[in-house]
Amino acid sequence: MKSCAITTCALALGVGLATEGNAEVSRTAILQTYADIAAAEYADSLGAARDLKAAVDALIAEPSEATLAGAREAWLAARVPYQQTEVFRFGNAIVDDWEGKVNAWPLDEGLIDYVDASYGGPTDANELAALNIIANPSITIAGVAVDASAITPDLIADTLNEADGIETNVARGYHAIEFLLWGQDLNGTGAGAGDRPFTDYVQGEGCTGGHCDRRAAYLEAATALLVGDLEFMAAEWAEGGAARGAVTADEGAGLVAILTGMGSLSYGEQAGERMRLGLMLNDPEEEHDCFSDNTHNSHYYDGLGVQNVYLGRYLRPDGSVVEGPSLSTLVAATDPGLDAEMRAKLDTTMAALGAIRTAAEGGFSYDMMLEQGNAEGEALIMAGVNGLIDQTRSIERIVTALGLDSIAFEGSDSLDDPGAVFQ
């Protein structure tokens, strides 16, 4: 039998103990921390979505500048805990199968409501791109007549979302709600977010945009759907939930799930699809939160979610902390230098994402950073991209150090085959 150090052999057997002070920490405890953080983050996302629904109900009941601003603030607040959950994607099938219901993007917003003439009409790729369900109670999808006289959660979920099998027909989730609260951002790479007037929700005289009753019904239904979707996922990670059970059932598979989420979100999803691609195309339509100009925060909290999982610590909106034995502890027991490297790279990435956030909050918004030839914006974004790529390399080394099977992280043409982006 091949010999090895006691710590390494024990870890390979799944009963290995990392040392934290005088306490011995098992892989099982690390997976429990991971599940506890997921449970807290989804519970906080659900609570924030319920607050959003209350603010939307207030807007619908009494449209005004104040109630519209309140609904927008509630939406922005709801993004903070949710973005930190994205690290649970990719490695957890239950989350992957569900995620498109709440955070799919980009979307062809003309499916939902009125758009500017510059948006255009139906395209070869999507004949429903300008359907405007709010203005049309009778529609046809894939040759089938649809009664859309009542805009309900079921209509949105079962008929409109990904209508005709097209992924950009996003009819539900955070970004559909975002569009209904802000409207299109018509500023290109100039300053300013969407500017939908509160009068788009005024019933009767004073209604702008037409069909204010149906717009209100759509917003109400979409928000109710979001709450229901988050109720489902919060339950999946609570004690006895299926997602918690799946990730804690097998120690090796559980660690693979953690590292898959960290690596795939860092590399292909965030560094590639959400950051590098938009910069290559100089296209503000590639912003993750494009209607509200909140992309700087989405990027920041995605990065923070990765750091949370590695360090085994999550700061909740109420100021309390969920923490416990961490992946960092396990790596440090195997290779202290690698743990220090990973921690340092996470700090570097968060500093870069924080710099983007600070610049945006100071008036240099993310879509302005995407402008062709804007050297300052490119430098800010690429610092984040490079930090995320660099930390992924350390995540790959962690996979090897822990004796796990190699993991194929999500990729992106913008990183792996840049020429294909322009084909």
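The model is predicted, so local features need pLDDT of at least 70 and side-chain atom pairs count only at pLDDT 80 or more, while totals for chains, interfaces and linings use all residues. Residues are numbered from 1 along each chain as its sequence is written, and side-chain values use heavy atoms, with hydrogens and water left out.

Let's start with the cysteines. A disulfide here is a pair of cysteine sulfur atoms within 2.5 Å, and the count by that rule is one. Cys 207 and Cys 212 are the partners, with 2.0 Å from S to S. The torsion about their S-S bond is about 95°, so the disulfide is right-handed. For burial, buried means under 20% relative accessible area, exposed means over 50%, and partly exposed is in between (1.4 Å probe, protein chains only). Cys 207 is partly exposed at 27%, whereas Cys 212 is buried at 3%.

On to charges. Side chains of opposite charge can pair when their charged atoms come close. A salt bridge is a side-chain nitrogen of Lys or Arg within 4 Å of a carboxyl oxygen of Asp or Glu, and the structure holds 23 of them.

| Pair | N to O distance |
|---|---|
| Arg 172 and Asp 229 | 2.9 Å |
| Glu 323 and Arg 313 | 3.5 Å |
| Asp 339 and Arg 343 | 3.3 Å |

Helices (H or I, at least four residues) and strands (E, at least two) are DSSP runs, numbered from the N terminus. Arg 172 and Asp 229 meet in a salt bridge. Arg 172 sits in the loop between helix 5 (153-160) and helix 6 (174-182) and Asp 229 in helix 7 (residues 212-237), so this pair ties together parts 57 residues apart in sequence. Both Arg 172 and Asp 229 are buried.

Asp 339 and Arg 343 are both in helix 12, four residues apart, or about one turn of the helix. Asp 339 is buried at 8%, but Arg 343 is partly exposed at 38%. With contact meaning heavy atoms within 4.5 Å, and neighbours within four places in sequence set aside, Asp 339 touches Tyr 310, Ser 328, Val 331 and Ala 332.

Finally, helix 10 (residues 295-311). Its 17 residues should span 24 Å at 1.5 Å a residue, and its end C-alpha atoms are 25 Å apart, which agrees. The expected span is 1.5 Å times one less than the number of residues. Helix 10 is mostly covered, with 16 of its 17 residues buried. Just after helix 10, Gly 312 has a positive phi of about 70°.
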